[in-house]
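Biologist: Can you walk me through this one? I'd like to hear about helix packing and then charge pairs.

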Amino acid sequence: MTYFRDLVHPAAGTALISQWITGTSERTRAAADAVTEEWAAGEWPPALLSQHVFRATDGTGLLFYAQWTSDEEHLTWARARRGALVSRVDTLVPGIERPGLHRTRLHRSVVHDDGGRPPGALALTRTTPDTAPGLLAAHIHLTKNGEEPFVIEEWSDAASFEAAVRPAARTAKRYTLHHSFLNTHAG
């Protein structure tokens, strides 16, 4: 698995985090493939720096992590183009739930183990983690008002994550990278 810190674009003015609930492994795979095909075939706006699609390891959904130069650029694109992209995916996989988009900024990254071993598990939580065996890094994102944290954690393996899950983080979900798009024409 790729290090999350290698996915962070230095010119990102905003990081968008969203989840799609698909319900089953088959629907999750179909939605991930459909989104991947749409992005691969579409014209990339210059302000979109990267788009990463992750599949939930329990098969229930997707996590999207997109980096744009600014919120304004994303909103301009979303008003003009997002509907068509989502409509085509919904035709192939109807009934996807989309609880919402979170506009964040990477606040800080804490690397606990820089020993060169790649992560075996990635998790999204809403609480900042304590140091635990197997926790390699935590990437803390805050919403624009600074009140809501989203933490992307890198773990050495799934067993370490499961052993360390805190009661407050029971909603934490594990993901695996499905596909990354990098805008090679972006600054």
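**Helix packing and salt bridges**

Modeller: This is a predicted model. Helix H1 (residues 25-41) packs with helix H2 (residues 71-92) at an angle of about 135°, and their axes are 9 Å apart. That makes H1 oblique to H2.

Biologist: What is the handedness of the crossing where H1 passes H2?

Modeller: H1 passes H2 in a right-handed crossing.

Biologist: Which residues in H1 and H2 meet?

Modeller: From H1, Ala-31, Ala-34, Val-35, Glu-38 and Trp-39. They meet Trp-77, Leu-85, Arg-88, Val-89 and Leu-92 in H2. The contact of H1 with H2 has 8 nonpolar residues, no polar ones and 2 charged.

Biologist: Switching to charges. How many salt bridges in the whole structure?

Modeller: A search finds 7. In one of them, the side chains of Glu-38 and Arg-88 meet, 2.5 Å from N to O. Glu-38 lies in H1 and Arg-88 in H2, so the pair ties together parts 50 residues apart in sequence.

Biologist: And is Arg-88 buried, exposed or partly exposed?

Modeller: Arg-88 is partly exposed, at a relative accessible area of 42%.

Biologist: What does Asp-71 form a salt bridge with?

Modeller: With Arg-103; the closest N and O atoms are 3.1 Å apart. Asp-71 is in H2 and Arg-103 in strand E4 (residues 101-111), so to speak distant parts of the chain, 32 residues apart.

Biologist: Are those two buried or exposed?

Modeller: Both Asp-71 and Arg-103 are buried.

Biologist: What about Arg-174?

Modeller: Arg-174 forms a salt bridge with Glu-162, with the closest N and O atoms 3.2 Å apart. The pair links strand E8 (residues 173-182) to helix H3 (residues 158-164). Arg-174 is partly exposed at 22% relative accessibility.

Notes
Residues numbered from 1 in each chain as written. Predicted model: local features only at pLDDT ≥ 70, side-chain atom pairs only at ≥ 80, totals over all residues. Heavy atoms only, no water. Axes fitted to C-alpha atoms, helices over the stretch in contact; angles between N-to-C directions. Helix = DSSP H or I, 4+ residues; strand = E, 2+ residues; numbered from the N terminus. Parallel < 35°, antiparallel > 145°, perpendicular 65-115°, else oblique. Left-handed = near helix turned anticlockwise from the far one by under 90°. Contact = heavy atoms within 4.5 Å. Nonpolar A, V, L, I, M, F, W, Y, C, P; charged D, E, K, R; others polar. Salt bridge = Lys/Arg side-chain N within 4 Å of Asp/Glu carboxyl O. Buried < 20%, exposed > 50% of the residue type's maximum accessible area, 1.4 Å probe, protein only.
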